[in-house]
Amino acid sequence: MKIFLKIIITTTLLTAALSQAEETMPEYDHFQGKEVANLKEAVMFFSQLNAKIAVILNKGEPTYEDMHKIHEMTYTLENALAKINTEMAALAPQLEKLHKASEHGKIKESLYEGQKYLGIATHIIP
């Protein structure tokens, strides 16, 4: 019974402490993030925003304003990463089509599948 009582008291104290901590933490706005139309744009946002975050994090002790900027950028980064993941999921099967076509010496099919493959791949590494 004493252990049960200690657990209840500890839980109550922790709940109160967490509640008070939440009240003192600054609130952040939630942002939409920029829409990402295609893979090229996603890679651009990904590259630019990661560079900005690196500058903030590498300058030493970030401020709350810096954290707010990072928080805002993460919304667009999430959109960009979702687009990159979707497009990358389509890249491996497209490469396989090119692989099979070239393996069997199918020139027209290789040209077609190769252009589709490069249409995705060149946005990642020019």
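User: What follows α2, and what is its phi like?
Analyst: In this predicted model, α2 is followed by Gly60, whose phi is positive, near 120°.

User: And at the other end, which atom does Asn38 reach at the start of α2?
Analyst: A side-chain oxygen of Asn38 comes to within 3.2 Å of the backbone nitrogen of Lys40 at the start of α2.

User: How many residues does α2 have, and how far does it reach?
Analyst: Helix α2 covers residues 39-58, which is 20 residues, and spans 28 Å from its first C-alpha to its last, close to the 28 Å expected at 1.5 Å a residue.

User: Which residues of α2 are buried?
Analyst: The buried residues of α2 are Leu39, Ala42, Phe45, Leu49, Ile53 and Ile56. Viewed down the axis of α2, these buried residues fall within an arc of 115°, so they line one face of the helix.

User: What do they pack against?
Analyst: The buried residues of α2 pack against α3 (64-103) and α4 (107-121), while the face turned away from the buried side carries the exposed residues Lys40, Val55 and Asn58.

User: Switching to pockets: how much space lies in the largest pocket, and which element gives the largest share of its lining?
Analyst: The largest pocket holds about 190 Å³ of space, and the largest share of its lining, four residues, comes from α2.

User: Which residues line it?
Analyst: The lining of the largest pocket consists of Phe31, Gly33, Lys34, Phe45, Gln48, Leu49, Lys52, Glu72, Met73 and Thr76, and the elements giving two or more residues to that lining are α2 and α3.

How values were computed: Residues are numbered from 1 along each chain as its sequence is written. This is a predicted model: local features need pLDDT of at least 70, side-chain atom pairs count only at pLDDT 80 or more; totals for chains, interfaces and linings use all residues. Side-chain values use heavy atoms; hydrogens and water are left out. The expected span of a helix is 1.5 Å times one less than its number of residues. Buried means under 20% relative accessible area, exposed over 50%, partly exposed in between (1.4 Å probe, protein chains only). The arc is that of the directions from the helix axis to the C-beta atoms. Contact means heavy atoms within 4.5 Å. A polar contact is a pair of N or O atoms within 3.5 Å; within protein, one must be able to donate a hydrogen and the other to accept it, and residues adjacent in sequence count only if both atoms are side-chain atoms. On a 1 Å grid over the protein atoms alone, a cavity is a set of points where a 1.4 Å probe fits but cannot get out, and a pocket is an open set with protein on both sides within 12 Å along at least five of seven lines; lining residues have an atom within 4 Å of a point. Grid points are joined across faces, edges and corners, and a volume is the space filled by probe spheres set on the points.
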